Amino acid sequence: MEITNVTEYEVIAKQKLPKMVYDYYASGAEDQWTLAENRNAFSRILFRPRILIDVSKIDIATTVLGFKISMPIMIAPTAMQKMAHPEGEYATARAASAAGTIMTLSSWATSSVEEVASTGPGIRFFQLYVYKDRNVVAQLVRRAERAGFKAIALTVDTPRLGRREADIKNRFTLPPFLTLKNFEGLDLGKMDKADDSGLASYVAGQIDRTLSWKVC
């Protein structure tokens, strides 16, 4: 199949990936209302055409936090990419660098900050969850900084994981040949099987639910 539109990747992914993996990437929580509304909101953003303008030379470069990128598109943090392909986050990092844009690495990546940095030059941010153990959080920040990551994208909207019904039905867990690489040496890299979703159990056990403006 020749891909001519980015949405066609989803069709191919559904054909090629195991159901548990595809459902994890493709689904949202409960009735998926927020997922649908996000797509609807994005579709309401329109370009205002400018007529009779010289478009022989077009420059869509912009800056984010002072870093110049080739286009106003970045790669958002996506967890556990090696479930989809053995190259996982390595390939994403190389692609972002080649495209001249920023990759944000997920805390729950299947490649560590050091491994991603070793793929070559590039502007990279690190997405961070706040764990109950603040020493773990501090270590991650220091490691990301040493690996050359330029910013922290702090996730604050997951004190509790949404009720991801597809993950519950599939008894989602990280495949045994993979780990959450950034936590491998901290005994937090594995995800145990659970009666519902292994990810939900992991989040409930590790993420700090007390986080607030007062408790940081």
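Q: In which strand does Gln127 lie?
A: Strands here are DSSP runs of E with at least two residues, helices are runs of H or I with at least four, and both are numbered from the N terminus. Gln127 sits in strand β4, residues 124-128. Keep in mind that this is a predicted model: local features need pLDDT of at least 70, side-chain atom pairs count only at pLDDT 80 or more, and totals for chains, interfaces and linings use all residues. Residues are numbered from 1 along each chain as its sequence is written, and side-chain values use heavy atoms, leaving out hydrogens and water.

Q: Is Gln127 buried or exposed?
A: Buried means under 20% relative accessible area, exposed means over 50%, and partly exposed is in between (1.4 Å probe, protein chains only). Gln127 has 3%, so it counts as buried.

Q: Which residues does Gln127 touch?
A: Contact means heavy atoms within 4.5 Å. Leaving aside residues up to four places away in sequence, Gln127 touches Pro77, Thr104, Leu105, Ser106, Ser107, Ala153 and Thr155.

Q: In what order do the 3 strands of the open sheet come?
A: Strands of a sheet pair through backbone hydrogen bonds, either parallel or antiparallel. Two strands pair if DSSP finds at least two bridges between them. In this open sheet the order is β3-β4-β5, with parallel pairing. β3 (103-105) and β5 (151-154) are the edge strands, each pairing on one side only.

Q: How many bridges link β3 and β4?
A: They pair over 3 bridges, in the parallel sense. Thr104, for instance, has Phe125 in β4 as its bridge partner.
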